[in-house]
Amino acid sequence: MTVLDARALNRATLARQLLLDRADLPVLDAVGHLGGLQAQEPQEPFMGLWSRLRAFEPTALSELLTGRRVVRTHLMRRTVHLVTADDLVAWRARHDAMLRQRVLGTYRRELEGVDLGELAAAGREVMADGEPRSMGDLARAVADRWPAAGHRPLGEMLVAGLLPMVQLPPRGLWRTTAGVRYALVSSWLGREIDPPVPGDSDPVGQTLVLRYLAAFGPAASADLRAWCGLAGLPAAVSALREELVAFRDERGRELLDLPDAPRPDPDTPAPVRFLPAFDNAILGYHDRGRIIDDAHRGLSVEGARVVLLDGRVAATWTVEADTVLVTPLRRFSRADRGTVAEEGRALASFLSGDESDRVRISASSS
């Protein structure tokens, strides 16, 4: 079985994530291809798409949100993701049990004695008028029946675990700051989520496997689980195995992939890319070593924005007064500083609406 080293996996990841070459895809197609973008920080998906698409216009994403073709919702790993409306409708029921369990993992003691079926029914009754509500408003509306539970546990279980809900615009629109208001998927999209599919073949799980490999492969079952939060999807993987190809990584793990998916030459040049906080190019794997060194792994869960140099995390970045500030994590050569500055100027221009292209790179770490 062919062994793929870390550099080969890195280049495959960059290609699948549209980070090796910017793509000419429409925004909706890009969100679909990526299986959604992690979006608990509302403005970050705009930067993620800017780094992946040629001539990306942020208003295009805002229009997809207001046009109800893309939605913000709790889904993979119980994290807020930006996904296509079609994917939410198709995938939500398959995530139900995981979402409930993850909320219970945080609030099991507070929710002890709360009948989740009754709580869901009470929440639906409140939301039946079609009016958007904050999580706090929804929790207060049902709290009289479960006064010991507390508003936060009740609210999180309702909006993230029990009721298929979306976060409404203006939350998540370009250059907009807004609080979180929720509506039922059925109210916002005018259609119910697809019901669970009976039987053992797990067709929705099979779709998730194929979509994951298209955007993240080659990958192990543990990587798939790290992306979606589901328990490895063994039945789906088993059903698809004959359609997939297998490799091994340098640790001996089996990696599955789509036969015709891109696996570029490991020596393919990789351009500088600026990634937003919590980007799934890093978080979408159990083994994040293909793109970030173990010494810096904590950055990926701390919300740091990172810079890829030769395909790997080499710096962090922030914005201050329309200036992109880059802090290297290792020594930069003069050529490195030049290529990072060039991409940083383009990012500064994008973020400032062409009013600034200022970049400042700190002294390189030794």
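The mean positions of the 46 positive and 49 negative charges of the protein lie 3 Å apart. This value, like the others reported here, was computed from a predicted model.

The overall dimensions come next. The C-alpha trace extends over about 65 × 50 × 35 Å along its principal axes. A compact globule of 366 residues would have a radius of gyration near 21 Å, and the protein, with 21 Å, agrees with that expectation. Of the 366 residues, 56% count as buried. Among contacts with a separation of 6 or more, 65% are between residues 24 or more positions apart. The protein exposes about 15800 Å², of which carbon and sulfur atoms supply 48%.

Turning to secondary structure, the protein contains 15 helices and 13 strands. Strands in a sheet pair through backbone hydrogen bonds, in either a parallel or an antiparallel manner. Strand S7 (residues 245–249) and S8 run antiparallel and are joined by 4 bridges. Within this pair, Val245 stands opposite Asp257 in S8.

Most peptide bonds are trans, and most residues other than glycine have a negative phi. Against that background, a cis peptide bond joins Pro169 and Pro170, with omega at about 15°. Pro170 belongs to the loop that links strand S5 (165–167) to strand S6 (182–184). Another cis peptide bond joins Gly217 and Pro218, where omega is about -5°. Here the setting is a loop between two helices, as Pro218 lies between helix H10 (203–216) and helix H11 (221–228).

Positive phi values in residues other than glycine complete the picture. Ala55 has a phi near 55° and sits in the loop between helix H3 (44–50) and helix H4 (58–66). Its relative accessible area is 73%; since a value over 50% counts as exposed, Ala55 is exposed. Arg175, also not a glycine, has a positive phi of about 55°.

Terms used:
Residues numbered from 1 in each chain as written. Predicted model: local features only at pLDDT ≥ 70, side-chain atom pairs only at ≥ 80, totals over all residues. Heavy atoms only, no water. Pairing = 2+ DSSP bridges. Rg over C-alpha atoms; globule rule 2.2 N^0.38 Å. Buried < 20%, exposed > 50% of the residue type's maximum accessible area, 1.4 Å probe, protein only. Contact = heavy atoms within 4.5 Å. Areas by Shrake-Rupley, 256 points an atom, 1.4 Å probe, with all protein chains shown as cover. Lys, Arg positive; Asp, Glu negative; His and termini not counted. Charge placed at Lys NZ, Arg CZ, Asp CG, Glu CD.
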